[in-house]
Protein chains: 2
Amino acid sequence: MTKASVQAPANARPQRENSRDALLDAASALMRENDTVEIGIVDIAARAGVNHAMIRYFFGSKEGLLFALLDRDVYRRIRQLDRLFSLKVTPTDRMRIHLRGIVDTYYAIPYLNRLIQVMVREADPVRVRHIGEELLQPIARAQERIIAEGIAAGEFRQIDPKLFYFNTIGAADGLYSNRFTISAVFGGEPRADEALHLRYREQTVEILMRGLLKDG
Amino acid sequence: MTKASVQAPANARPQRENSRDALLDAASALMRENDTVEIGIVDIAARAGVNHAMIRYFFGSKEGLLFALLDRDVYRRIRQLDRLFSLKVTPTDRMRIHLRGIVDTYYAIPYLNRLIQVMVREADPVRVRHIGEELLQPIARAQERIIAEGIAAGEFRQIDPKLFYFNTIGAADGLYSNRFTISAVFGGEPRADEALHLRYREQTVEILMRGLLKDG
């Protein structure tokens, strides 16, 4: 690290930040394209167009890189939640927007649940606690808050919000994490394109909302 | 193989069949308990109480063993589908029974989708085609048949049955394939016990049925 700092010219800072982002983007693209979270340091670096030693420099290890990627991916969505609660809309509309966002998330980063699974099994306990408390709980709590709001407003039926969270992430992820099943069931390319994604989003949100709304 | 046959005593056949099942059961238990499909030959054999050379003898390789397990797990459910269609019930009740069975399946074998993902990526093309055509398509087609029946009977609304299949396997799997999220969201043990499973099954089936039924 010191060596790299010494070698870096005065104007290197933006360049360095670009390499960091390039590595995160490369890891994300590789996991998405290869439908796996088992990716190698050399491939990530090659894709990013930087020396693979930079992974150690920026992230300490591949685990550190994947952790930073998960953090970036999820925080982006948590910031969207803040905006969601500032909207002056009914609980029904707020939940609809939220659910569309969840389906969009799995379309954009279909490796999300699998990355969490691997990180939780292999990462150090401090990181695991961070994932639970600062990435997953805020999303689950936001959804719980919308449900409480909707029940109070008489729009939603009584439902277990914690279980609904798993219904949501499961149903939203269903199409994108089972790529082979797409080709087995639909025929053709094992991949959800934009048109299929939009149809899936509409149907998934409709089913979940019907499950939630008082009058079906 | 020949060597093992020669060494086997005359009454070895039932014993040998037991060892085969014991290996399948051991692999299933290890994947369930460790929440991963990355398990080793030595561990499987130790758990089954047989020599690990028997894996090669019965299945050719670990891939062969996992393929046989997937086959056994899924065929058991396909046979249940035959019984399901012989029941004289309404499409609504038939779908309800079917959906309960799917949630039960992911509770019993939470590694199912992940095992399919790994097999499809790593197995030989003949096995991959078998998984698609003889394991996944019969289940998707059965569900499509119930939906067509329900639409014709005026019980279900118009819905895309292929997309509904992904809603179903996703929502049903949601709780069981995200064990860490269970402890992050609920606190306590990262595992769905029988009581939680029954609550999840009831809510999941209710949500999917409301999504399907004409009058919500």
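Two salt bridges link chain A and chain B in this predicted model. In one of them, Arg199(B) pairs with Asp160(A), and the closest N and O atoms sit 2.4 Å apart. On the side of chain A that touches chain B, the elements giving two or more residues are α7 (112–122), α8 (125–152), α9 (161–173), α10 (179–186) and α11 (194–212) of chain A. The largest share goes to α11(A), with 10 residues. Sorted by class, this side of chain A has 24 nonpolar, 16 polar and 10 charged residues.

As for the interface as a whole, 50 residues of chain A meet 50 residues of chain B. Together the two chains bury about 4,200 Å², and carbon and sulfur atoms account for 64% of that. Chain A can be laid on chain B by a turn of 180° with a shift of 0.0 Å along the axis, giving an RMSD of 0.0 Å. The two copies are therefore related as by a two-fold rotation axis. Both copies use the same surface, as 100% of the contact residues of chain A turn up again in chain B.

With a relative accessibility of 1%, Thr204(B) counts as buried, because the cut-off is under 20%. Leaving aside residues up to four places away in sequence, Thr204(B) touches Asn167(A) from the other chain, plus Val103(B), Ala171(B) and Ala172(B). Leu99(B) is 105 residues away from Thr204(B) along the chain, yet their C-alpha atoms are separated by 8.5 Å.

Terms used. Residues are numbered from 1 along each chain as its sequence is written. Chains are lettered from A and ligands numbered from 1 in the order in which they are written. This is a predicted model: local features need pLDDT of at least 70, side-chain atom pairs count only at pLDDT 80 or more; totals for chains, interfaces and linings use all residues. Side-chain values use heavy atoms; hydrogens and water are left out. Buried means under 20% relative accessible area, exposed over 50%, partly exposed in between (1.4 Å probe, protein chains only). Contact means heavy atoms within 4.5 Å. Copies are superposed by least squares on the C-alpha atoms of residues with pLDDT of at least 70 in both. Buried area is the accessible area (1.4 Å probe) that two parts lose on being put together, summed over both. A salt bridge is a side-chain nitrogen of Lys or Arg within 4 Å of a carboxyl oxygen of Asp or Glu. Helices (H or I, at least four residues) and strands (E, at least two) are DSSP runs, numbered from the N terminus. Ala, Val, Leu, Ile, Met, Phe, Trp, Tyr, Cys and Pro count as nonpolar, Asp, Glu, Lys and Arg as charged, and the others, Gly among them, as polar.
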